[in-house]
Amino acid sequence: CFWIAAEHGIIPAILNYAHCVSSGIGVEKDIQKALSWYKIAADKGVIPAMRKYAELNSNKDESIQYYKMAADLGDIESLDQLGDLTNDLEYYKKAADLGNVESANKYAYHKSKNNEIEEAIHYFKLAAEKYDSTAIYNYSLLLHQNDHINEHEMKKIVDYYEQSILSGDSQSMINLGEIYEDGDIGIEQDISKAFEYFKKASDAENEEGSFNCGRILEDYYDD
């Protein structure tokens with residue numbers, strides 16, 4: 001059915017048929033054939049088709065061309081992919097400024113490696129404000145390493161982790177547990193709270209959470 005509609009130039013059908021062909025769903029898998037269908041839709045200005053054509057294409061220059069086409073039409077994910085393909089940090093920055101968490105993390109990471117600490121802190125914070133556990137950890141780490149941490153910032157970091165935990169992020173449970181285990185500026189050591197967060201991580205099948213639960217019991221409660 002998709003093939004018939006695709007033959008008549010119906011865009012949703014072209015995308016569905018191309019997906020089936022690229023994945024081998026109901027038909028023989030054929031990447032080159034899928035590419036030809038995605039290109040038809042891409043050349044008609046369909047952003048998801050541009051992205052898939054670029055993603056599946058083994059020709060790097062052509063991939064970059066179609067990601068740029070999508071990016072020029074406002075596709076943030078394509079900006080992130082362009083950063084990966086070209087190693088041009090400006091693509092990450094553009095995507096980060098438009099709210100892409102992965103790009104913010106990548107841009108901040110590269111800036112920290114280049115010792116551009118203020119810029120790195122700014123972009124890790126952008127991602128941390130969206131409750132990304134990797135960004136929260138790195139934001140906190142850079143603040144501590146560069147003497148920028150204070151009680152106000154530490155409480156914000158705890159809040160970021162708590163919000164991330166609400167979405168079920170087990171790494172945030174681990175990281176917040178470690179903060180309570182050690183204590184920090186404005187955060188009193190609280191082994192009971194640390195164990196509570198490690199236990200939540202363990203219940204979410206996080207192996208580090210299980211290990212930390214055992215360690216806490218042995219270190220603090222084993223007579």
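These legends walk through a few close-up views of the structure shown above. The model is predicted, so local features need pLDDT of at least 70 and side-chain atom pairs count only at pLDDT 80 or more, while totals for chains, interfaces and linings use all residues. Residues are numbered from 1 along each chain as its sequence is written, and side-chain values use heavy atoms, with hydrogens and water left out.

**View 1. The largest pocket and its lining.** About 210 Å³ of space lies in this pocket. Look for Tyr137, His144, Met154, Tyr161 and Asp182, which are among the lining residues. By class, the lining has 5 nonpolar, 4 polar and 3 charged residues. (A pocket is an open set of points on a 1 Å grid over the protein atoms alone, where a 1.4 Å probe fits, with protein on both sides within 12 Å along at least five of seven lines; lining residues have an atom within 4 Å of a point.)

View 2. (A salt bridge is a side-chain nitrogen of Lys or Arg within 4 Å of a carboxyl oxygen of Asp or Glu.) Both residues lie in helix H11, 4 residues apart, about one turn of the helix. Lys155 counts as partly exposed because its relative accessible area is 46%, and Glu151 is also partly exposed, at 41%. (Buried means under 20% relative accessible area, exposed over 50%, and partly exposed in between, with a 1.4 Å probe and protein chains only.)

View 3. Lys199 pairs with Asp203, their closest N and O atoms being 2.9 Å apart. The two are separated by about one helical turn because they sit 4 residues apart in helix H13 (residues 191-203). At 36% relative accessibility Lys199 is partly exposed, whereas Asp203, at 53%, counts as exposed.

View 4. The side chains of Glu55 and Lys52 meet at 3.3 Å, N to O. They lie 3 residues apart in helix H4 (residues 47-56), about one turn of the helix. Glu55 is partly exposed at 48%, and so is Lys52 at 25%.

**View 5. A salt-bridge network.** Arg51, Asp75 and Glu77 are linked here by salt bridges. The structure holds 14 salt bridges.

Notes
Grid points are joined across faces, edges and corners, and a volume is the space filled by probe spheres set on the points. Ala, Val, Leu, Ile, Met, Phe, Trp, Tyr, Cys and Pro count as nonpolar, Asp, Glu, Lys and Arg as charged, and the others, Gly among them, as polar.
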